[in-house]
Amino acid sequence: MAVKAKAKKKKKAKAKKKVKAKVKKTTKAKAKRKTKAKAKRKTKAKAKRKTKAKAKRKTKAKAKRKTKAKRKTKAKAKRKTKAKAKKKVKTKAKRKTKAKRKTKAKARKR
């Protein structure tokens with residue numbers, strides 16, 4: 001009887017050990033899975049940040065280009081108005097000299 005009881009005890013202990021090992025294995029696997037998932041999340045977040053930064057850079061560049069174009073057109077307009085004013089002054093002077101010449105000629109004729 002004692003031998004049988006001993007064998008039973010041994011069997012039970014073995015089974016217990018097996019269960020413990022199985023639990024350990026599953027917990028380890030779970031932890032591994034968790035770590036993997038965390039890493040995946042991290043990489044995803046990093047990629048998202050990168051895309052966001054790229055988009056930001058793009059918009060900044062676009063705005064820069066726009067302002068540059070605006071400045072250019074403004075400068076062009078300024079130049080045009082300046083040229084127009086110059087032309088006006090020149091034509092006025094021309095008219096004046098022409099009138100002067102005419103009056104001088106008239107005086108000579110008289």
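**A patch on a helix**

Tutor: Happy to! The protein has one helix and zero strands, where helices (H or I, at least four residues) and strands (E, at least two) are DSSP runs, numbered from the N terminus. The radius of gyration is 48 Å, well over the 13 Å that the globule rule gives for 110 residues, so the protein is more spread out than a compact globule; the radius is taken over C-alpha atoms, and the rule is 2.2 Å times the number of residues to the power 0.38. This is a predicted model, in which local features need pLDDT of at least 70 and side-chain atom pairs count only at pLDDT 80 or more, while totals for chains, interfaces and linings use all residues. Residues are numbered from 1 along each chain as its sequence is written, and side-chain values use heavy atoms, with hydrogens and water left out.

Along the principal axes, the C-alpha atoms fill a box of roughly 165 × 5 × 5 Å. Buried residues make up 0% of the 110 (buried is under 20% relative accessible area, exposed over 50%, partly exposed in between, with a 1.4 Å probe and protein chains only).

Now to your patch: Lys76, Arg79, Lys80, Lys84, Lys88, Lys92, Arg95, Lys96, Lys100, Lys104 and Arg108 form a positive surface patch. Patch residues have over 30% relative accessible area and no salt bridge, with like charges joined within 9 Å; a salt bridge is a side-chain nitrogen of Lys or Arg within 4 Å of a carboxyl oxygen of Asp or Glu. Lys80 lies in helix α1, residues 2-109, and counts as exposed because its relative accessibility is 64%.

How values were computed: Patch = residues over 30% accessible without salt bridge, like charges linked within 9 Å, V, L, I, M, F, W, Y side chains within 5 Å. Areas by Shrake-Rupley, 256 points an atom, 1.4 Å probe, with all protein chains shown as cover. Lys, Arg positive; Asp, Glu negative; His and termini not counted. Charge placed at Lys NZ, Arg CZ, Asp CG, Glu CD.
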